[in-house]
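Look over the whole chain before turning to its parts.

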Amino acid sequence: MPLNDSSFSNVCMIAVKHSAVDRVSVNRELVESVTYDIIIRGGHVIDPSQSLSAVRDVAIRSGQIAAVAEQVDDGEAAHTIDARGLYVMPGLIDLHMHGYTHSPYGLDPDSLCAAGGVTTMLDAGTAGSYNFEAFRRDGIDACQTHMLALVNLSCIGLIAANLGELLDRRYADPEGVIATLRRHADVAVGVKIRAGAHIIGKGQQGWDNLRDAIRAARDSGTWLMVHIGECPMSIPELCDVLAPGDCITHCFKGGSTRVTDDDGRIFSAVRAAAERGVVFDVGHGFGSFQWEVAEAAIEQGFEPTTISTDLHTKNVHGPVYDMPTTMSKFLLLGVPLERVIEMSTTRPAKVLGREDQIGTLRAGTVADVAVLEKHTGAFLLADSYGQARISSELLTAAATVRRGQILPGGGGLRMRHVAGTAGLE
Ligand SMILES: [Zn+2]
C-alpha cells in the first residue's frame, strides 16, 4: 500500500472537522503567568541518554527542558501536547543531509525540521572553502534549525557535483578546508570527501585526493566523513587509513564497493574499524541503500552506528522522504525501536561531540523534541535500487519542538483521534 494511504487523509479530515479537540490545547488565561511554556503529556518517552523508556510528561520552559517526570502538575502550561499513544524523544539528528540551497542539491532545512522531527542537521559537505562563507550567511545563520556542516575537500563543494568535484586535482584545497574549519569552528565540524572514482579520479589521483582529505582532518583536529561510491580503493584498504571518529557514510550501499565481500560476509577490516571507533553511517540517499546489503549486515550482527538520510533534492520525494521513514526501515530489519532512536539521537550527538547539549532530554538542555507516531498497516519501503519491502510499521513525525517552539507541520497527526464517525455531521 502506498504511503499516502487513505487512512491518513481520513485522520486529517476528522482533524479538520474537530479543531476543538486539537491535541495542542492553549491555556489562554495562563499564557502570561505559566509555570511552563509547553507540557508534552503522557507520551512514551524514549531517551537513550538517560536509559529511559517509559510513559512520562516532558515540561519545557524558556527554550529548555525543565522536567521529565511521571506527572507534571496540570494546568500550568501555555500549550499542552497530548502525546498519549505517541513516542517522545530528543529532537532527531540527521548526520548526513544537504542544506545549502545555492547548489542543485540543497533543501530548506526548516521545512525538513518541522516535517521530520529533525532539530539538528549536519550538511555533508555541500560547500567547500570558496563558498562556505556564503553558506554560513545565507543558510546556517538564516535558519531556525540547528545546522552544522562539513567542509568539502573540493573548493567549490557540490555546486557542479555532476561534473566530478575533484576530477581536476587543482580543486582539492586542504589548506582552505583547515582555514575554514578554524574560522567557523562553532558550526564547521569536519571534512567531507565523496570518494567515487568518477568524482576523485582513479588510481593514484584518487588516493592523492583521499590523503589530502585525511590530512585536512588531522591537521584541523577534526574528523573525516568519506562517501563510499564506486571507490578507486577497496573498502578494507579505506578502513585501514581511517582513524577512530572518522566516518564511512552510505555504509549499506550496493554495487562493487560494499562493506560485504563477494560471499555477502562483512569484511573483517570493516568489523575491526567499527571496533576501534570508525563510525558507519547509513546516508540512505538515492543510490546508497540496498536492502540485500543491509539485511546481510544486520543478520551478521553488524549494525550501523548512526542512521541518516542524505536528503537532497533528488530523493526527498522518494525513496528517502524523511528521517522517520529511514528509521522505519531499521524497524523492519529487526532493530528494536529504542536502538533505532539511539542511532538517530544520542549517537550522532556523540559523533558531533555535543552529547551534553543535544540528543538528550536532560533538564537544562535545549528543548529540541520529536514526537513520533508509529502507524500500523502495510507500507511499501523502497531502497535506492528499485527494490521494496512491505513493512507493517511506519514512523511519522506528529510534532516537532525546536528551541522550545512548537513548529508548524504534522498538524493532522497531532489531532486527537476520534473513534468512528460519530459527531461528524
Ligand atoms: Zn550526501
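A crossing of two helices is right-handed if the near helix is turned clockwise from the far one by less than a right angle, and left-handed if anticlockwise. Helices here (H or I, at least four residues) and strands (E, at least two) are DSSP runs, numbered from the N terminus. Residues are numbered from 1 along each chain as its sequence is written. The model is predicted, so local features need pLDDT of at least 70 and side-chain atom pairs count only at pLDDT 80 or more, while totals for chains, interfaces and linings use all residues.

The protein chain has 13 helices and 16 strands. Take two of the helices. α4 passes α6 in a right-handed crossing. Helix α4 covers residues 174–183 and helix α6 covers residues 203–220. Their axes are 9 Å apart, at an angle of about 30°. That makes α4 roughly parallel to α6 (angles under 35 degrees count as roughly parallel). Axes are lines fitted to C-alpha atoms, over the stretch in contact, and angles run from 0 to 180 degrees between N-to-C directions.

Which residues of α4 and α6 meet? P174, V177, I178, L181 and R182 in α4 meet D212, R215, A216, D219 and S220 in α6. By class, this contact has five nonpolar, one polar and four charged residues. Two residues are in contact if their C-beta atoms, placed from the backbone, lie within 7 Å.

Now look inside. Buried residues make up 54% of the 425 residues in the protein chain. A residue is buried if 20 or more other C-beta atoms lie within 10 Å of its own, exposed if 12 or fewer, and partly exposed in between. The largest nonpolar core has 121 residues. A nonpolar core is a set of buried Ala, Val, Leu, Ile, Met, Phe, Trp, Tyr and Cys residues joined through C-beta atoms within 7 Å. V191 is among the residues with the most contacts inside this core. Beyond its neighbours within four places in sequence, V191 touches residues including V177 and A216.

Finally, the backbone. Most residues other than glycine have a negative phi, and most peptide bonds are trans. D310 has a positive phi, near 55°. D310 is buried, with 28 other C-beta atoms within 10 Å. R403 also has a positive phi, of about 50°. With 17 C-beta neighbours inside 10 Å, R403 counts as partly exposed. The peptide bond from G318 to P319 is cis, with omega near 10°.

Key. Parallel < 35°, antiparallel > 145°, perpendicular 65-115°, else oblique. Nonpolar A, V, L, I, M, F, W, Y, C, P; charged D, E, K, R; others polar.
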